[in-house]
Amino acid sequence: MKAEPSILSREWKDFIHLFKRQEVAAKTLLLKEGEVSKRAFYIEKGCIRSWFNHDGKDITFQFFFEGQGVSSIESFITNEPSLFNVESIEPCIIHSISKKDFEYILAHSPIIKKEVEQQILQRLFYYQKLFLSRIKNNPENRYKELLEQHPQILERVPLHHIASYLGITPVSLSRIRGRR
């Protein structure tokens, strides 16, 4: 069964015509750090990551899979430059929507507006957990947490992106994996 934007709810189906379906290759940059986000994306198929450049190093901080939305929400809402990149890891089928059309949906559907608010809160909770994990856990514990909470990441994401996400080198990740 093919997914349509936001979990096939009837509310979203009323607005499906506002989304643009796209097939993108792996390693496609959907949003570049420093640019203003003009579109939000829903993933029908594939995997996408958010990352930024720090002193020439690629730092991955989140992965997105089927059924999830992705955007630099701060940039999308405020028209400020994005603090990070959004890039496909695998070939993807995505549905994109412009800010104008997204605002139209929110203005015309209190149900969707509430859903979006809940998704933003969930993202905030995710970032809070990630932040605290980076402070309190060593790399081995962060890897164990990843195995327990998000095993699909290990099945679909290249190890160098996982290492970046964990804040370690690929060599350190290999050592940790070897001890398991």
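Buried means under 20% relative accessible area, exposed means over 50%, and partly exposed is in between, with a 1.4 Å probe and protein chains only. Take K27 with that in mind: K27 is exposed, because its relative accessible area is 68%.

Before going on, a note on what we are looking at. This is a predicted model, in which local features need pLDDT of at least 70, side-chain atom pairs count only at pLDDT 80 or more, and totals for chains, interfaces and linings use all residues. Residues are numbered from 1 along each chain as its sequence is written, and side-chain values use heavy atoms, with hydrogens and water left out.

Back to K27. K27 sits in the loop between strand 1 and strand 2 (29-31). Helices (H or I, at least four residues) and strands (E, at least two) are DSSP runs, numbered from the N terminus. The phi angle of K27 is near 65 degrees, which is a positive value in a residue other than glycine. N79 also has phi near 65 degrees, again positive and again not in a glycine. N79 is placed in the loop between helix 2 (73-78) and strand 7 (85-88). With 43% relative accessibility, N79 counts as partly exposed.

Now the sheet. Strands pair if DSSP finds at least two bridges between them. There is an open sheet of 4 strands here, in the order 1-8-3-6, and the pairing is antiparallel. Which strands are at the edges? Strand 1 and strand 6 (69-70) are, since each pairs on one side only. Strand 1 pairs with strand 8 (residues 92-98) in the antiparallel sense, over 5 bridges. Within strand 8, S96 stands opposite K20.

Next, the nonpolar cores. A nonpolar core is a set of buried Ala, Val, Leu, Ile, Met, Phe, Trp, Tyr and Cys residues joined through side-chain atoms within 4.5 Å. The largest one has 31 residues, and those with the most contacts inside it are I48, I94, V157, I162 and L166. Helix 7 gives the most to this core, with 4 residues. A second, separate core has 11 residues, including F19, A40, F102 and V116.

Contact means heavy atoms within 4.5 Å. Leaving aside neighbours within four places in sequence, I94 is in contact with several residues, among them K20, V24, L30, F41 and I48.

Helix 7 (residues 159-166) also holds S164. Is S164 buried or exposed? At 10% relative accessibility, S164 counts as buried. Apart from neighbours within four places in sequence, S164 is in contact with D58, I59, T60 and R134.

D58 has a relative accessible area of 30%, so D58 is partly exposed. Not counting residues up to four places away in sequence, D58 touches R49, W51, F52, H161 and S164. With R49 there is also a polar contact, side chain to side chain, at 2.8 Å. A polar contact is a pair of N or O atoms within 3.5 Å; within protein, one must be able to donate a hydrogen and the other to accept it, and residues adjacent in sequence count only if both atoms are side-chain atoms.

Then the aromatic rings. Rings of Phe, Tyr and Trp (its six-membered ring) pair if their centres lie within 6.5 Å; planes under 30 degrees apart count as stacked, over 60 as edge-to-face and the rest as tilted. A search of the whole structure finds 8 aromatic pairs. In one of them, F15 and Y104 have ring centres 6.3 Å apart and planes at 75 degrees, so the pair is edge-to-face. This pair links distant parts of the chain: F15 is in the loop between helix 1 (10-13) and strand 1 (20-24), Y104 is in helix 3 (residues 99-108), and they are 89 residues apart. F15 is buried at 9% relative accessible area, whereas Y104, at 41%, counts as partly exposed. Y126 and Y127 form another edge-to-face pair, 5.7 Å centre to centre with 65 degrees between the planes. Ring pairs link F52, F61, F84, Y126 and Y127 into a cluster.

Last, helix 4 (residues 110-136). How many residues does helix 4 have? Helix 4 has 27 residues and reaches 39 Å from its first C-alpha to its last, close to the 39 Å expected at 1.5 Å a residue. The expected span is 1.5 Å times one less than the number of residues. The buried residues of helix 4 are I112, V116, Y126, L130 and S133. What covers them includes helix 1, strand 5, helix 3, helix 5 (139-149) and helix 7.
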